[in-house]
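Me: I would like to learn how to read a few features of a protein model. Can we go through them one at a time?
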Amino acid sequence: MTAWLHGLYLKLRAPLILDNDFFYPTLYALAVETSLECSADRLLGYSQCLLHTEERTHGCNIRVLGNSELLSAIENCSVTNRLPQALYHNRFTLHYQAQYTAEGNEIVGLEALMRWDEPGMGPISPAKFIPAAEKNGMIAPMTIWLIEQICRDIKTWADAGLTIPKIWFNLSAALLGEPFLTRQVLNILKRHDVSPDSLGMELTETSLISDAKNAALVLSQMISAGIEVAIDDYGAGFTSINSMFALPFNQLKIDRCFMLRSLTCLDSYTLLKSLGEVMQTRNISLVYEGIETESQRQHAEQLGANYIQGFLFARPEPRDKISALLASTPA
Ligand code: C2E
Ligand code: CA
Ligand code: CA
């Protein structure tokens with residue numbers, strides 16, 4: 001099938017000349033080897049949708065999908081297609097997960113996590129809709145919505161007389177190249193009369209690797225504007241400590257898998273132990289996330305954790321539950 005399509009492309013690839021301009025054809029073919037019942041019209045619809053969601057290179061793009069790949073492509077397409085409507089109809093909400101001191105006696109921060117409950121589809125995981133939004137460009141308006149919503153929630157908590165810890169939001173790597181990103185964030189804060197030091201921005205270690213130049217620029221712009229920066233999911237990539245120190249940041253969040261590995265693997269333990277010592281000398285806070293048990297908490301504390309985030313202390317919760325949590329916990 002692939003060879004046949006490739007042959008077709010070779011036959012079609014001569015440039016078209018229109019108004020003295022050359023146009024080179026791009027072939028995007030979706031071949032499906034499936035036992036699923038599916039009309040030709042539907043398949044055409046799916047392939048058109050894939051055309052808009054897949055990353056394509058110029059020239060000939062051929063993919064042959066089997067049953068399970070087709071089902072997941074269909075699901076991704078319907079997630080992708082519904083994103084603009086979901087934003088327009090206010091179907092996104094924010095949950096917040098509290099971050100505690102290593103001993104667990106004080107809340108030091110809240111991480112804002114997006115939620116989407118779509119009628120007819122139920123809750124959709126951010127692990128699905130964030131990558132879809134990154135591919136179709138919806139991540140920019142969704143991030144603006146997110147920062148606006150954080151500002152509205154800060155206002156609600158402030159009006160209720162609550163002490164509000166720093167609120168951390170996740171920045172997608174897809175936005176690192178946006179030329180006016182920092183200015184846009186600061187404009188939103190100004191409009192809502194929220195101080196930049198109320199916010200912190202998390203950027204994953206893998207985003208740093210994927211777009212190092214823009215990441216360095218955005219991190220320093222945010223920090224000079226008063227917004228602290230955390231490197232998220234550290235240990236999921238392979239960044240050396242030395243190359244990390246070329247970047248400005250205030251907090252390092254250790255990936256849950258790295259923490260779990262260090263429970264059984266001496267090399268990982270030794271690495272995390274020395275990382276804890278280095279961070280202390282650099283005045284960078286160390287956060288262990290994904291802590292579910294008391295023994296994991298003690299382990300993280302031994303490794304030099306300043307702060308802890310995880311189901312042991314708190315799950316991500318909607319604004320009203322966070323109001324009650326802030327009211328009942330000394331901050
Ligand atoms: P993340 O930034 O690493 O967020 C932490 C994730 O770990 C959250 O999943 C949270 O519910 C989960 N978690 C927290 N404590 C525990 C624990 O003790 N055990 C386990 N197993 N998991 C724990 P969630 O909310 O499903 O988010 C998944 C990812 O989606 C986030 O990972 C983040 O990368 C992305 N995400 C969520 N909201 C946003 C957003 O607003 N913008 C962007 N760009 N990404 C977002
Ligand atoms: Ca995060
Ligand atoms: Ca994380």
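Me: Which elements each supply at least two residues of the shell around ligand 1?

Reply: This is a predicted model. In it, β6 (107-118), α4 (126-136) and β10 (228-234) each supply at least two shell residues. Helix α4 gives the most, with three residues. The shell around ligand 1 has 19 residues, and the closest are Met114, Pro126, Asn170, Gly310 and Phe311. By class, nine are nonpolar, seven polar and three charged.

Me: Which strands does β6 join by three bridges and run parallel to, and which antiparallel?

Reply: Three bridges join β6 to β8 (residues 166-170), and this pair runs parallel. Here Gly109 has Lys166 of β8 as its bridge partner. Three bridges also join β6 to β7 (residues 122-124), but that pair is antiparallel. Trp116 stands opposite Ile124 in β7. Between β6 and β5 (residues 92-101) there are nine bridges, again antiparallel. Trp116 is the bridge partner of Phe92 in that pairing.

Me: How many residues lie between β5 and β6 in their hairpin?

Reply: Five, and Gly104 in the turn has a positive phi of about 85 degrees. The hairpin of β6 and β7 has three residues between its strands, and there Gly120 takes a positive phi near 85 degrees.

Me: How are two packed helices described?

Reply: By the angle between their axes and the distance between the axes. For α6 (residues 181-191) and α8 (residues 212-225), the axes come within 9 Å and cross at roughly 30 degrees. Angles under 35 degrees count as roughly parallel, so α6 and α8 are roughly parallel to each other. The contact is made by Leu181, Thr182 and Leu186 of α6 with Val218, Gln221, Met222 and Ala225 of α8. By class, five of these residues are nonpolar, two are polar and none is charged.

Terms used. Residues numbered from 1 in each chain as written. Chains lettered and ligands numbered in written order. Predicted model: local features only at pLDDT ≥ 70, side-chain atom pairs only at ≥ 80, totals over all residues. Axes fitted to C-alpha atoms, helices over the stretch in contact; angles between N-to-C directions. Helix = DSSP H or I, 4+ residues; strand = E, 2+ residues; numbered from the N terminus. Parallel < 35°, antiparallel > 145°, perpendicular 65-115°, else oblique. Contact = placed C-beta atoms within 7 Å. Nonpolar A, V, L, I, M, F, W, Y, C, P; charged D, E, K, R; others polar. Near = placed C-beta within 6 Å. Pairing = 2+ DSSP bridges.
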